[in-house]
Amino acid sequence: MTEFQPTPFDIPSDTGGKDIGIFLPIANGGWILSKNKPELDGSYAYNRQCAILAEEAGFDFVMSMSKFRGYGGETDHWNSSLDPVVLMAALAEVTSKVKVWTTIHTILQNPAVVAKILATLDQVSKGRSGLNVVTGSYKGEFSQMGAWPEGVDHDARYDLAKEWVTAVKRLWTEDSVTMDGKYFTMDECESWPKPEKRPFLVCAGSSKKGMRFTSEEMDAIFLSGGEPAELAEASRAAKDDAAELDRYVRTYSMMTVVFGDTDEEAEAIARHYTDGLDEGALHGMLKAYGFLDEEIGKENAFVKKSRSGFMAAHVVGSTETVIEKLSEIFEVSNTDGLMMIFPDYMTGIPKFGKEVLPVLRERFPGKVKLTAHG
Ligand SMILES: Cc1cc2nc3c(=O)[nH]c(=O)nc-3n(C[C@H](O)[C@H](O)[C@H](O)COP(=O)(O)O)c2cc1C
């Protein structure tokens with residue numbers, strides 16, 4: 001099969017290494033639905049410290065999601081969340097190396113507004129900007145503000161996103177843009193300044209339509225799931241899909257790490273989180289995903305999995321166990337990176353940075369020295 005060269009973005013995957021970043025806890029509660037987990041308030045102060053620690057530890061990127069409605073419950077899970085664009089601009093000022101990737105919903109922002117936002121973030125961050133493009137999946141999150149496009153179904157929202165990102169890219173490179181799309185029109189629309197380098201674009205679409213959109217327009221995809229074999233299949237599918245279009249897409253997954261001094265201790269900590277499951281928040285999350293009350297009561301496979309309290313895939317163990325499990329993911333799945341989540345970022349980031357990251361860097365170094373793009 002032909003090998004496609006990715007556009008370089010000054011990250012390890014440019015040369016076949018692994019991009020390892022942090023999913024910032026911009027909403028209270030992080031990614032564990034539990035009354036027993038460490039307090040994560042989703043504040044600017046906390047996220048600022050996360051970014052500083054991530055940079056010190058040598059992570060490649062920090063990313064924030066965009067969320068407009070929480071899941072409630074006893075812990076008010078995700079009821080409070082920061083704006084990811086303002087946040088990343090501020091974090092760009094307190095860091096100098098780590099990439100700063102924000103998130104914007106295509107159904108909420110006009111492409112000309114977004115072209116300018118990212119061009120600005122590109123200047124503030126001196127070329128470290130990136131954008132997670134999301135179509136918006138949960139009706140209640142947007143109908144609460146009268147912004148849910150009725151009659152535009154899941155796949156059509158990706159058609160909208162395709163027009164949107166086409167407009168944004170043209171505004172970044174052309175003096176004046178005229179287009180007459182189904183969802184967006186531009187009439188000699190101008191946007192200055194241009195970003196010096198096109199911002200990194202990533203999408204987390206898991207549907208066929210979302211994957212095709214990613215293959216056509218994005219630099220990377222976030223895959224769901226955490227088992228090495230399932231990630232291997234998803235990664236291969238994403239890369240094959242992009243290759244059909246003569247494009248290259250980097251593949252990432254997410255992982256929550258629960259550390260302990262021993263495996264037993266880590267497992268006991270994880271069990272403690274699960275024991276404190278916030279039933280109300282779980283119910284709120286499932287409702288947001290479109291589950292009906294009867295289905296939530298029926299305990300299907302997804303509900304059962306969610307009862308662990310962990311919203312994302314997780315590894316639990318001593319440093320050695322975590323290193324082996326993450327290495328196995330990279331070895332088996334051939335994915336290009338990982339976005340880390342911690343129950344407590346203040347201890348998790350430095351520990352991972354000191355004990356795990358150097359080993360992963362050594363085991364998965366890429367083909368040539370990174371200074372090639374330095
Ligand atoms: C790492 C990651 C980050 C995501 N960030 C957001 C987000 O910030 N806002 C949002 O509405 N959806 C977010 N999503 C949901 C995805 O954009 C996407 O809608 C979802 O994975 C379902 O895929 P589909 O749209 O192809 O059906 C995220 C998903 C993942 C895995």
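A crossing is left-handed if the near helix is turned anticlockwise from the far one by less than a right angle, and right-handed if clockwise. The crossing of α3 and α5 is right-handed. This is a predicted model, in which local features need pLDDT of at least 70, side-chain atom pairs count only at pLDDT 80 or more, and totals for chains, interfaces and linings use all residues. Residue numbers start from 1 along each chain, as its sequence is written. Helices (H or I, at least four residues) and strands (E, at least two) are DSSP runs, numbered from the N terminus.

**Helix pairs**

Two packed helices are described by the angle between their axes and the distance between the axes. Axes are lines fitted to C-alpha atoms, for helices over the stretch in contact, and angles run from 0 to 180 degrees between N-to-C directions. Angles under 35 degrees count as roughly parallel, over 145 as roughly antiparallel, 65 to 115 as roughly perpendicular and the rest as oblique. Two residues are in contact if their C-beta atoms, placed from the backbone, lie within 7 Å. For classes, Ala, Val, Leu, Ile, Met, Phe, Trp, Tyr, Cys and Pro count as nonpolar, Asp, Glu, Lys and Arg as charged, and the others, Gly among them, as polar.

- Helix α3 spans residues 111-125 and helix α5 spans residues 154-173; their axes come within 9 Å and cross at roughly 50°. The two are therefore oblique to each other.
- On the α3 side, the contact uses P111, A112, V114, A115 and A119, and on the α5 side W164, A167, V168, L171 and W172. By class, this contact of α3 with α5 has 10 nonpolar, no polar and no charged residues.
- The axes of α6 and α7 also come within 9 Å, crossing at roughly 50°. α6 and α7 are therefore oblique to each other, and their crossing is right-handed.
- In α6, M211, R212, T214 and S215 meet A238, D241 and A242 of α7. The contact of α6 with α7 divides into 3 nonpolar, 2 polar and 2 charged residues.
- Helix α12 (residues 319-333) and helix α13 (residues 345-363) have axes that come within 10 Å and cross at roughly 35°. The crossing of α12 with α13 is right-handed.
- T319, V322, I323, L326 and S327 of α12 face E355, V356, V359, L360 and R363 of α13 in this contact. The residues of the contact of α12 with α13 comprise 6 nonpolar, 2 polar and 2 charged.

A residue is buried if 20 or more other C-beta atoms lie within 10 Å of its own, exposed if 12 or fewer, and partly exposed in between, with C-beta atoms placed from the backbone.

- Helix α6 covers residues 208-217, and its buried residues are G210, M211, F213, T214, S215 and E217. Their cover includes α5, β7 (200-203), β8 (220-223) and α7 (228-244).
- A161 lies in helix α5. A161 is buried, with 25 other C-beta atoms within 10 Å.
- Not counting residues up to four places away in sequence, A161 touches T106, V133, T135 and F213.
- A161 and K287 are 126 residues apart along the chain, and their C-alpha atoms are separated by 25 Å.

**Ligand shell**

- The ligand is surrounded by 16 residues, the closest being M65, A204, G205, S207 and G210. A residue is near a molecule or strand if its C-beta atom, placed from the backbone, lies within 6 Å of it.
- The shell around the ligand has 5 nonpolar, 11 polar and no charged residues.

**Backbone exceptions**

Most residues other than glycine have a negative phi, and most peptide bonds are trans.

- The W192 to P193 peptide bond is cis, with omega near 5°. P193 sits in the loop between β6 (185-189) and β7.
- E188, not a glycine, has a positive phi of about 45°. E188 lies in strand β6 and is exposed, with 8 other C-beta atoms within 10 Å.
- N334, also not a glycine, has a positive phi of about 60°. N334 belongs to the loop between α12 and β11 (337-341) and is partly exposed, with 14 other C-beta atoms within 10 Å.

**E196**

- E196 is in the loop between β6 and β7. E196 counts as exposed, with 11 C-beta neighbours inside 10 Å.
- E196 touches D122 and G127, not counting residues up to four places away in sequence.
- E196 and E74 are 122 residues apart in sequence and 46 Å apart in space, C-alpha to C-alpha.
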